[in-house]
Amino acid sequence: MVERDQAAPPADQLAAMDLTDAVQNHAFSDRVLIRSIVGRPDGGAGLAGQRVRAAGWVRTGREQGKGTFAFLELNDGSCPANLQVIVDAGVAVLSKLVATGTCVVVDGILKVPPEGTRQRIELRVEKVVHIGEVDPAKYPIPKTKLTLEFLRDHLHLRSRTNTIAAIARIRNALAFATHSFFQEHHFLYVHTPILTTSDCEGAGEMFQVTTLISEAEKLEKELIKNPPPSEADIEAARQLVSERGEAVKQLKAAKASKADIAASVAELNKAKESLSKLEERSKLKPGIPQKDGKIDYTQDFFARQAFLTVSGQLQVETYACAVSNVYTFGPTFRAEHSHTSRHLAEFWMVEPEIAFADLQDDMSCAEAYVKYMCKWLLEKCLDDMEFMAKNYDKGCIDRLRMVASTPFVRISYTEAVELLEEAVRGGKKFENEVEWGIDLASEHERYLTEVKFQKPVIVYNYPKGIKAFYMRLNDDLKTVAAMDVLVPKVGELIGGSQREERYDVIRERITEMGLPLEPYEWYLDLRRYGTVKHCGFGLGFERMILFATGIDNIRDVIPFPRYPGRADL
């Protein structure tokens with residue numbers, strides 16, 4: 001955890017603010033955001049003399065002047081900079097305030113500090129309204145520098161550190177930018193299901209959703225507590241039904257009263273119902289229900305196999321084929337046993353679909369979207385980006401500027417392979433062999449974007465054998481109209497394609513890839529009825545954050561990372 005020098009923020013951030021304005025309380029909280037004080041062009045100096053209530057958590061605290069006063073660096077998460085707070089011993093017990101992690105709410109007067117200090121404004125406390133104490137001996141997030149790996153073991157507290165809070169604000173800004181970009185371009189935001197019965201990628205690495213296991217466990221406990229009926233129990237119940245039936249016959253033969261017959265029939269029905277329940281219960285068997293030696297999914301919650309989605313693309317296409325331009329932005333899941341710094345089991349995807357558009361349009365949209373996000377961070381989140389540049393990746397701001405202002409290179413897959421082969425002939429060594437037909441590895445992608453072109457690269461027209469069934473088959477019958485956007489630092493950031501709109505072709509592709517047709521009949525309907533040329537792509541949201549911040553491990557750019565062996569909180 002590295003503390004940031006509190007230099008004045010960039011002048012363009014709040015340049016429009018009148019420096020004579022009184023600082024305003026937050027709309028829904030009886031306090032002033034620290035950002036609205038220190039985030040001004042003058043660093044807050046113009047607010048000197050104003051009384052405010054500030055609140056936050058102590059980043060660092062120390063008693064000074066032989067215990068007569070204390071300095072607190074207070075942060076409320078609204079910006080990376082802290083507000084310096086000075087508390088006299090006569091106002092509060094200083095030892096309760098100075099521990100890192102302590103929550104305080106204070107009233108005081110904003111004053112310009114003495115010359116020579118790095119702060120532009122400080123708060124002299126008149127009253128301490130609240131103290132949420134911390135025992136420094138037990139608090140797991142001390143003010144010393146901590147590794148990001150260590151912080152993963154304390155997910156519930158790691159957002160109190162400068163780094164994770166900065167990443168959270170950058171993540172928030174990129175999410176806001178995503179919605180702004182697509183809304184400005186008249187896309188409709190569609191919520192696609194998290195539970196699905198189709199495998200978009202055809203990879204089979206999906207989390208299954210089932211109640212069969214819990215139901216089987218429940219049944220097992222129930223059968224132990226209340227064992228199923230024996231053959232003797234069932235035989236006795238059958239005997240009772242027989243006796244009750246005979247009694248009804250006799251009453252009818254004796255021409256008994258209607259009331260007596262009705263009562264006897266009721267007894268018969270009761271005996272039949274009891275027998276039926278016993279017979280039904282006797283069929284109950286512990287374990288997961290099976291049929292023909294396989295799991296019987298008709299007994300499951302959805303009466304069929306269900307999974308957590310790996311992509312909202314197929315579902316959102318149904319809306320693209322009706323309302324034209326759409327996008328979905330939500331969590332997706334992959335049950336891949338990977339422990340690399342680039343993989344998560346739960347991650348977020350941004351997936352637009354554009355009707356009446358082809359691969360060229362798809363590439364243009366992807367390029368515009370990435371540039372928009374880079375510009376957004378430079379304009380709206382520069383203080384956090386400066387923090388990342390100072391502490392993690394000196395080149396991250398320059399990288400954003402380069403991507404925001406540089407036209408992306410566009411090359412075919414075949415051209416990309418030729419360039420890589422040329423590099424190998426020139427002495428470049430890759431761990432993964434280069435030949436036409438391979439899926440480009442991260443090292444190949446990064447060579448193209450970081451070494452060969454030193455700018456973002458879009459590779460298009462990939463071999464059909466390494467791409468999904470829904471990508472449009474090109475006229476050469478060997479490649480599909482697919483494209484990947486490669487950027488420095490992470491390699492592939494976006495994967496997309498023109499979708500196959502021809503019914504016969506896509507039906508053949510599904511069969512060719514060994515996928516069953518039945519789960520995709522609804523998808524084929526989009527081609528049977530009013531088919532349309534359309535395209536789309538998916539951006540891995542966490543990869544965009546890695547690219548922007550320069551953070552090395554994807555587990556540190558999502559609030560609650562899920563990966564093999566870990567699903568904390």
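**Helix packing and strand pairing, with reasons**

Q: Does α13 pass α14 in a left-handed or a right-handed crossing, and what makes it so?
A: In this predicted model, α13 passes α14 in a right-handed crossing. The term applies because the near helix is turned clockwise from the far one by less than a right angle.

Q: Why are α13 and α14 called roughly antiparallel?
A: Helix α13, residues 503–512, packs against helix α14, residues 521–528, at an angle of about 160°, and their axes are 9 Å apart. Angles over 145 degrees count as roughly antiparallel, and α13 and α14 are therefore placed in that class.

Q: What is the relation of α5 to α6, and how do you know it?
A: The angle between helix α5 (residues 231–253) and helix α6 (residues 258–282) is about 160°, with the axes 9 Å apart. That angle makes α5 roughly antiparallel to α6, since the class takes in angles over 145 degrees. The crossing in which α5 passes α6 is left-handed.

Q: Which residues make the contact of α5 with α6, and what is their make-up by class?
A: On α5 the contact includes D233, I234, R238, R244, V248 and K252, while on α6 it includes D260, I261, E267, K272, L275 and E279. By class, the contact of α5 with α6 has 13 nonpolar, three polar and eight charged residues.

Q: What makes α10 and α15 roughly perpendicular to each other?
A: Helix α10 (residues 396–405) packs with helix α15 (residues 541–549) at an angle of about 115°, their axes lying 7 Å apart. The range for roughly perpendicular runs from 65 to 115 degrees, and α10 and α15 are therefore given that description. C396, R399, L400 and V403 of α10 make the contact with L546, F547, A548 and T549 of α15. Six of the residues in the contact of α10 with α15 are nonpolar, one is polar and one is charged.

Q: Why are β6 and β14 said to stand at the edges of their sheet?
A: The sheet is an open one of eight strands with mixed pairing, in the order β6-β12-β13-β18-β17-β16-β15-β14. Strands β6 (188–189) and β14 (409–412) each have a single partner strand, so one side of each is left without a neighbour in the sheet.

Q: How do you know that β12 and β13 are paired, and in which sense do they run?
A: Pairing needs at least two bridges between the strands, and nine bridges join β12 (residues 325–333) to β13 (residues 346–355), with the two strands running antiparallel. Within this pairing, G330 stands opposite M349 in β13. Helix α8 (residues 359–380) packs on the sheet and touches β13, β14, β15, β16, β17 and β18, its direction making about 30° with that of β18. Helix α11 (residues 413–425) lies across β14 and β15 and runs at about 90° to β14.

Q: What makes the pairing in the closed barrel mixed?
A: The barrel has five strands, running β1-β2-β3-β5-β4. Strands β3 (residues 83–88) and β5 (residues 122–132) pair in the parallel sense over three bridges, whereas β4 (residues 103–111) is joined to β5 by nine bridges and runs antiparallel to β5. Another antiparallel pair is β1 (residues 51–64) with β2 (residues 69–75), joined by seven bridges.

Q: Which residues stand opposite V58 and I86, and what is the bridge partner of V106?
A: V58 faces L74 in β2, I86 stands opposite R124 in β5, and V106 has V128 of β5 as its bridge partner.

Q: How do you know that the side chain of S36 makes a polar contact with L33?
A: S36, which lies in helix α1 (residues 35–38), has a side chain that reaches the backbone oxygen of L33 at 2.6 Å. A polar contact requires N or O atoms within 3.5 Å, and the value of 2.6 Å falls within that limit. Leaving aside residues up to four places away in sequence, S36 touches V23, Q24 and L47.

Definitions and conventions
Residues numbered from 1 in each chain as written. Predicted model: local features only at pLDDT ≥ 70, side-chain atom pairs only at ≥ 80, totals over all residues. Heavy atoms only, no water. Axes fitted to C-alpha atoms, helices over the stretch in contact; angles between N-to-C directions. Helix = DSSP H or I, 4+ residues; strand = E, 2+ residues; numbered from the N terminus. Parallel < 35°, antiparallel > 145°, perpendicular 65-115°, else oblique. Contact = heavy atoms within 4.5 Å. Polar contact = N/O pair within 3.5 Å; in protein donor to acceptor, adjacent residues only side chain to side chain. Nonpolar A, V, L, I, M, F, W, Y, C, P; charged D, E, K, R; others polar.
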